[in-house]
Amino acid sequence: MSTMVAGDVRQVRAPADGALLGEVTALTVEEVPEVVGAARRALPDWAAAAPHARADLLLAAADELATMVEELAVRHARESGKIAPQALHEVRGAVALLRRNAELGRMAAGELAPTGSLPGGERDITLVERVPLGVVVAVIPFNFPIELTMEKAAAALAVGNVVLVKLPPQNPLATGTVLDVLARHLPAGVVQQVYADVPASAALCSAPGVDAVSLTGSVGAGQAVAAATAPLLRPLHFELGGNGAAIVRADADLEHVVSESLRGRLLMNGQACAATKRLIVHRSVAAELTERLVAALAPVTPTDPLADGALLGPLIDAASAARVEAQVQWAVDAGARRVLGTAPDGAFFAPTVLADVPHQAAVLHDDEIFGPVFPVAVVDDDEQALALANDTRLRLTAAVFSADLPTALAMAGRLDFGGVVVNGTNNYRPPIVPFGGVDLAGAGREGLGWTLSELTRTRFIALRGVRPAGTVPVPATLSTGGTP
């Protein structure tokens with residue numbers, strides 16, 4: 001991986017069988033200034049480059065990546081545990097994101113401020129433009145690393161930022177290959193990749209010369225970066241996970257609820273931030289829904305992600321599987337019933353259904369389970385459902401299932417989340433929506449155009465007295481509205 005900086009060599013192993021897949025070289029704290037310095041040297045020319053020139057270089061990289069999609073997908077599945085169809089979908093989506101962000105950057109423009117709306121400003125022209133933040137550190141998670149690299153880095157690059165991509169420690173290889181391709185098409189220093197442990201990552205995010213941090217990861221990671229960078233007051237763009245709730249009303253189509261729940265929850269083997277982590281179900285249908293979930297999930301066995309017909313692969317590592325098992329046990333200790341599921345086998349974690357989860361259980365509030373676990377909580381009415389759904393600080397996405405669309409829409413308006421889906425999985429993230437959370441779920445929004453706005457700032461340039469003088473007289477009492 002050509003842009004790695006020298007340091008300790010780390011091994012990358014497949015979560016399914018522990019096979020050695022490759023090695024990476026870790027950035028040291030002492031090397032952080034070198035990496036940031038290279039980025040700062042590259043920034044002036046890249047920021048000043050014509051938008052069409054930047055777009056053409058990014059599109060050329062996208063064309064090369066398009067020829068490597070199948071190869072990258074296999075590598076990604078192997079090191080991430082993501083089943084092959086999902087890995088292929090992610091890589092294809094990442095190439096599309098690169099292309100679309102390039103085109104958005106080509107067309108990025110500003111606007112004219114309405115100075116003529118105020119007396120004294122009628123002869124002025126004030127341009128409002130969007131300019132790059134500068135050196136952006138993009139911290140990438142393990143669950144959708146290739147897609148989120150393009151979500152962050154491609155948008156940042158398209159509008160003139162330079163980017164330092166901090167790779168996920170568990171599965172950096174496929175994403176590193178993508179960044180190698182990108183770097184070949186761009187001037188030196190415009191995009192760099194680093195593999196770093198916690199001290200070096202903290203040093204990178206808080207280093208002088210870094211202008212912004214865009215991070216997708218855990219709440220703890222976001223809080224650590226926020227604390228380390230607080231004295232610098234630099235922009236922070238965070239997506240920190242979610243404990244999403246799906247409210248199932250008594251009139252919901254239960255077959256559809258089960259189908260959508262499985263589709264959203266099993267994505268990346270249950271390790272998706274926007275997945276349904278809590279099913280909040282009306283008492284009259286809770287038993288039937290639980291039975292349907294068990295029947296649908298019982299045949300799903302975690303296996304090698306590249307196996308034919310695989311529906312579920314391993315978690316990212318055995319430690320993650322052990323952590324999920326501990327969370328399940330905490331729920332059982334609180335009074336939940338484990339009606340489906342077994343203890344993990346290494347990184348493999350079988351689908352698990354928890355019935356009758358008591359409302360005080362941590363998993364129904366701020367204890368986000370990152371694995372294929374379906375907690376079912378029973379409620380008696382809509383008000384109780386809304387109160388329980390909103391009682392978390394990890395408010396990323398939520399859902400309401402109901403045949404009564406006006407009521408479902410009204411309930412959606414009372415769910416204090418970053419996004420709400422009616423009659424579908426809340427694991428909903430087409431690239432055109434402003435994706436992001438509330439409270440500890442994060443700050444800022446991602447998506448086509450939305451990320452670009454987060455990673456730029458406005459600047460106005462005022463040209464005073466350049467318009468022709470108007471012929472309509474201005475009352476004397478209003479003629480001093482402008483500022484010198």
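Residues are numbered from 1 along each chain as its sequence is written, and side-chain values use heavy atoms, leaving out hydrogens and water. As the model is a prediction, local features need pLDDT of at least 70 and side-chain atom pairs count only at pLDDT 80 or more, while totals for chains, interfaces and linings use all residues.

**View 1. Helix α4 and its packing partners.** Helix α4 takes in residues 84-107; helices here are DSSP runs of H or I with at least four residues, strands are runs of E with at least two, and both are numbered from the N terminus. Its 24 residues reach 35 Å from first C-alpha to last, close to the 34 Å expected at 1.5 Å a residue (that is, 1.5 Å times one less than the number of residues). Among its buried residues are Q86, E90, L97 and G105; buried means under 20% relative accessible area, exposed over 50%, and partly exposed in between, with a 1.4 Å probe and protein chains only. The buried residues of α4 pack against α2 (51-66), α3 (69-80), α5 (145-158), α6 (173-185) and α14 (450-454).

**View 2. Zooming in on N101.** N101 sits in helix α4 and is buried, at a relative accessible area of 1%. What does N101 touch, leaving aside neighbours within four places in sequence? The contacts (heavy atoms within 4.5 Å) are M150, A154, A155, A158 and L448.

View 3. L112, L127, I461, L463 and V466 make a nonpolar surface patch of about 410 Å². Patch residues have over 30% relative accessible area and no salt bridge; nonpolar side chains (Val, Leu, Ile, Met, Phe, Trp, Tyr) are joined within 5 Å, like charges within 9 Å. A salt bridge puts a side-chain nitrogen of Lys or Arg within 4 Å of a carboxyl oxygen of Asp or Glu. Areas come from the Shrake-Rupley method with a 1.4 Å probe, and for residues only the protein chains shown count as cover. L127 belongs to strand β4 (residues 125-132) and counts as partly exposed at 38% relative accessibility.

View 4. The structure holds 0 disulfides, meaning pairs of cysteine sulfur atoms within 2.5 Å. C205 is buried at 4% relative accessible area, and C273 is buried at 12%.

View 5. E288 is part of helix α10 (residues 283-297) and is partly exposed, at 37% relative accessible area. E288 and L254 are 34 residues apart in sequence and 8.2 Å apart in space, C-alpha to C-alpha.
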